Amino acid sequence: MLVQPAERLRGTVRVPGDKSIAHRALIIGSMAKGKHVVEGAPAGADLYSTVSCLRSLGAFIEEMPDGRLLVLSKEFVSGKHIDAGNSGTTARLLSGLLAGLPGETTIDGDESLRGRPMDRIVEPLSQMGADIATAPGGRLPITIRGGRLKAISHQPPVASAQVKSAILIAGLMAEGITVVEERVPTRDHTERLLAAMAVPVEIDGHKIAIRGGSVPRAAQVKIPGDLSSAAFFVVASVCVPGSELYLPTVGINPTRTGAIRVLQEMGASIELINHASFLEEPIADIVVKSSELRGTTIGHELIPSLIDELPIIAVAATQAEGETTVSGAKELRYKESDRIAAIVGNLKRMGADIEARDDGFVIRGPTRLKGNKVSSLGDHRVAMAMTIAGLLATGQTHIERSDIIGVSYPSFFKDLQTVSG
Ligand code: S3P
């Protein structure tokens, strides 16, 4: 993809539905009793990976003529080989489900997902009673022989909503009360959805407890716009002079809005209006205008609330006056690419003053970026962040492997063109 500098951005962007919530709505919906309906699921390949894995496991998921997805509970079947594609959430959350199913199932993924750590779910799920074999280094493919589970109390050593959710999903099928205690809270969509589906979930500070044997009740789930997709347009509108964008019905769950808070603190003009909620999830419309930014410090306690937004925050930081430091973000190295290496390597090629740290990076700005050849490294969020960097640069930016954007936001370039025109 060739990206040209932008003059200004104006108009409305309806971002796709929240990927994290949609995965959960389908997986937990497949475990529910009754007619479960999911509205506003995003079109990307990642969610399709969850749909096709669940279908292989025997779930009934059909698109209705109005675009909503109908999920009906069926008996799950094992003995299958399922493919999570590029999606970590699919592989990890479905491991929680498979831990409770009798029989053996193998989960595999693409080259990127095969490189990502699975030991973080293998360990607690094995402790609960599942029998799990992994490829060397605790990687995919993994084979899970599930069965009777017992509840555990677990303190995940890494802050991860995927790990927490895998354990809670297994906990639904376990004997006793399963407890996950987080050091730093991560996105709580699983807890909110379970509560909305009549499963008693007890939350006490950073401890989440779930009683085994509760069957979720089917619901009508309306998915808010994905803040992680909106973030690219938010930063574009802040950084391209003369811009103003309107992003309706975006999820603003406080465990996800770290990037909005940080950008506001950096001086960005971002307003949240028309507050409402979809089931248990808060939403709002975002109004964002171009603004002058100053550097900031982002420490470990903030990281889970903006983990997926760090590539685009880095782009914003190149336009900010002074230094921006990100630390406590080593998890970035285990995403769809090593995002610290990807961000630093690509932004350096465009002339940014940026240095990698083991657990983050330091950026000094402002810098007028220069168009160059960069690569997504097969990572959708890197590709979208570099596209926005290209809008701010002089000359053309050539993004290699930009088609990977289809895993989360297939209409990204089309939406960008609509507001650039
Ligand atoms: C997600 C949790 C985060 C996030 C990922 C989606 C989820 O991953 O980076 O894009 O839906 O639970 P970790 O749980 O690995 O932090």
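**Ligand site and backbone**

Guide: In this predicted model, at least two residues of the shell around the ligand come from each of helix H1 (19-30), helix H3 (88-99) and helix H6 (161-172).

Visitor: From which domains does the shell draw at least three residues each?

Guide: The shell includes Ser20, Arg92, Gln162, Ile307 and Lys335. At least three shell residues come from each of two domains, namely domain 1 (2-16 + 224-420) and domain 2 (19-222).

Visitor: How many residues of the shell are charged?

Guide: Among the residues surrounding the ligand are Arg24, Arg187 and Asp308. The shell divides into three nonpolar residues, four polar ones and, as charged residues, five.

Visitor: What share of the ligand's exposed area does the protein bury?

Guide: An oxygen atom of the ligand is 2.7 Å from an N or O atom in the side chain of Asp308. Alone, the ligand exposes 380 Å², and the share of this buried by the protein is 94%.

Visitor: Which residue has a positive phi although it is not a glycine?

Guide: Most residues other than glycine have a negative phi. The residue asked for lies in strand E17 (residues 244-251). Its phi is about 45°, and the residue is Thr249.

Conventions: Residues are numbered from 1 along each chain as its sequence is written. This is a predicted model: local features need pLDDT of at least 70, side-chain atom pairs count only at pLDDT 80 or more; totals for chains, interfaces and linings use all residues. Side-chain values use heavy atoms; hydrogens and water are left out. A residue is near a molecule or strand if one of its heavy atoms lies within 4 Å of it. A polar contact is a pair of N or O atoms within 3.5 Å; within protein, one must be able to donate a hydrogen and the other to accept it, and residues adjacent in sequence count only if both atoms are side-chain atoms. Accessible areas come from the Shrake-Rupley method with a 1.4 Å probe; for residues, only the protein chains shown count as cover. Helices (H or I, at least four residues) and strands (E, at least two) are DSSP runs, numbered from the N terminus. Ala, Val, Leu, Ile, Met, Phe, Trp, Tyr, Cys and Pro count as nonpolar, Asp, Glu, Lys and Arg as charged, and the others, Gly among them, as polar. Domain bounds come from an automatic or database domain assignment.
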